[in-house]
Amino acid sequence: MIRDINLAPQGQQKIDWVDQHMPILNQVKKDFEKRKPLAGKRAIICLHLEAKTAYLALTVKAAGAEVAVCGSNPLSTQDDVVAALVKNGVTAYAWHGATDEEYKMHLNKALDFQPDILIDDGGDLVATLHAERLEQAKGIIGGAEETTTGILRLRALAREGKLTFPMMAVNDAQMKYLFDNRYGTGQSVWDGILRTTNLTVCGKVVVVAGYGWCGKGVAARAKGLNARVVVTEIDPIKANEALMDGFEVMPMVEAAKIGDIFVTVTGNRDIIRREHLEVIKDKAILSNAGHFDVEVNKEDLRALSVNVRTARKNIEEYAFHDGRKVYLLGEGRLVNLACGDGHPAEVMDLTFALQALSLDYLAANRDKMEPGVYSVPDSIDRKVAEFRLKALGVNLDELTDKQSKYLASWAE
């Protein structure tokens, strides 16, 4: 279920480009081609369907699995890349701009593929299994989750005793959040904002809502673009981090009055809502880098507006009763994917290597794993780190025997 198979050549060109810039996944793929650890298995990959994800799908296919893909966001699917995947023997249920009904249909069509193992992004696939297809859920070997939002949902499911299979919390691996969340989000968010607005950032007030790893990356890149950066937070420890990193910290209701560009990065809903919109600066630009399109309250935006129009591709202009205007990018969805190509290939190389190796681990250890949320083993985290250093030609020191004994001893 795709838009147009004739788009495959340009999609293949995109895949070929990232292939040249994902050396870690290349190493994993070569190993998979030899061992075929997923032979006889069916895998679903529910992720943002662009070139890096496509190369992950082909890596999982190289492991011997039959693979199907569906989108984890209606606006992040690239139809040419999906067409190229189909040409490469991957089953696909996705197209760009899917309605809510079509998006749910694609999830269910992917589940009709009868997967043994899965990769999820944000938890919609796993939630659909447990809410609507429980008997099928009981037959799943396990899966891996990409995002903070998805892991929060998984842990809620596990707390209620309803999670029926093991899930690997890939987002919590060090080689994921230290790099993907911080550097990947930091760069790709501004790539999406800049290419969509074609405006300057320097000298403007950028408001970053949330100072987790993603927020840290967004704020650091804004600072590098010579913006004045304000952080909003609910966590006193993270607020202190932001202050010591050189940023102002204040409540959103105060930041709304001075901000020029807003980026929400919390994973929660209603971060920018009516009380903030009532005082927000004229011509403020609103964007979201959290998983779902709920961080900027679109119902409140519409309620305060006398007119809504498309000001530019991926920019909606909301004209308020008092004459102020605000601009929402990418329908409030992930700005780095709705308005750009997502994280750089070299960053996703780390994350997707973790994903592929997590599926390998699940297939090999399923009999030992009860339903629940599992950390990625340290051995996999370190393997990905070592693969990256090897690809870069970087060598490390090693402990001498004397140093190892010193660290293991309590005596001087």
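A: Trp 213 counts as partly exposed, because its relative accessibility is 32%. (Buried is under 20% relative accessible area, exposed is over 50%, and partly exposed is in between; the probe is 1.4 Å and only protein chains count.) The model is predicted, so local features need pLDDT of at least 70 and side-chain atom pairs pLDDT 80 or more, while totals for chains, interfaces and linings use all residues. Residues are numbered from 1 along each chain as its sequence is written, and side-chain values use heavy atoms, without hydrogens or water.

Start with the rings. There are three aromatic pairs by the rule used here. (Rings of Phe, Tyr and Trp, the last by its six-membered ring, pair with centres within 6.5 Å; planes under 30 degrees apart are stacked, over 60 edge-to-face, the rest tilted.) One of them joins Tyr 177 to Trp 213. Their centres are 5.5 Å apart, and 35 degrees between the planes makes this pair tilted. Tyr 177 belongs to helix 9 (residues 174-197) and Trp 213 to helix 10 (residues 213-224), so this pair ties together parts that are 36 residues apart in sequence. (Helices are DSSP runs of H or I with at least four residues, strands are runs of E with at least two, and both are numbered from the N terminus.)

Another tilted pair is made by Phe 179 and Tyr 183. Here the centres are 6.4 Å apart, with 35 degrees between the planes. Both residues sit in helix 9, four residues apart, which means about one helical turn separates them. Phe 179 is partly exposed, at 28% relative accessible area. Tyr 183 is partly exposed too, at 38%.

Trp 213 also has a charge over its ring. Lys 216 lies over the face of Trp 213, at 5.0 Å from the ring centre. (The rule asks for NZ of Lys or CZ of Arg within 6 Å of the ring centre and within 35 degrees of the ring normal.) Elsewhere, Arg 42 lies over the face of Phe 113, at 4.3 Å from the ring centre.

Eight strands build an open sheet with mixed pairing, in the order 9-8-7-10-11-14-13-12. (Two strands pair if DSSP finds at least two bridges between them.) Strand 9 (248-249) and strand 12 (305-312) are the edge strands, each pairing on one side only. Strand 12 runs antiparallel to strand 13 (residues 315-320), and six bridges join the two. Arg 309 has its bridge partner, Glu 317, in strand 13.

Helix 9 lies across strand 7 (205-209), strand 10 (261-264), strand 11 (284-288), strand 12, strand 13 and strand 14 (325-329). Helix 9 runs at about 140 degrees to strand 10. (Axes are lines fitted to C-alpha atoms, for helices over the stretch in contact; angles go from 0 to 180 degrees between N-to-C directions.) Helix 10 packs on the sheet as well, touching strand 7, strand 8 (228-232) and strand 10. The direction of helix 10 makes about 170 degrees with that of strand 7.

Look next at one residue of helix 9. Thr 197 is found in this helix. Thr 197 counts as buried, because its relative accessibility is 10%. What does Thr 197 contact, leaving aside its neighbours within four places in sequence? The list is Ile 285, Arg 312, Ile 315 and Leu 329. (Contact means heavy atoms within 4.5 Å.) Thr 197 and Leu 329 are 132 residues apart in sequence, and their C-alpha atoms are 8.6 Å apart in space.

Helix 12 (residues 252-255) holds Ala 255. Ala 255 is buried, at 0% relative accessibility. Not counting residues up to four places away in sequence, Ala 255 touches Val 207, Val 230, Thr 232, Met 250 and Phe 262.

Helix 4 (residues 79-87) is mostly covered, with seven of its nine residues buried. Among these buried residues are Asp 79, Asp 80 and Leu 85. Their cover includes helix 1 (8-19), helix 3 (51-62), strand 2 (66-71) and strand 3 (91-93).

Last, the whole chain. The secondary structure comes to 18 helices and 15 strands. Of the 412 residues, 54% are buried. The C-alpha atoms fill a box of roughly 65 × 65 × 45 Å along the principal axes. Of the contacts between residues at least 6 apart in sequence, 70% join residues at least 24 apart.
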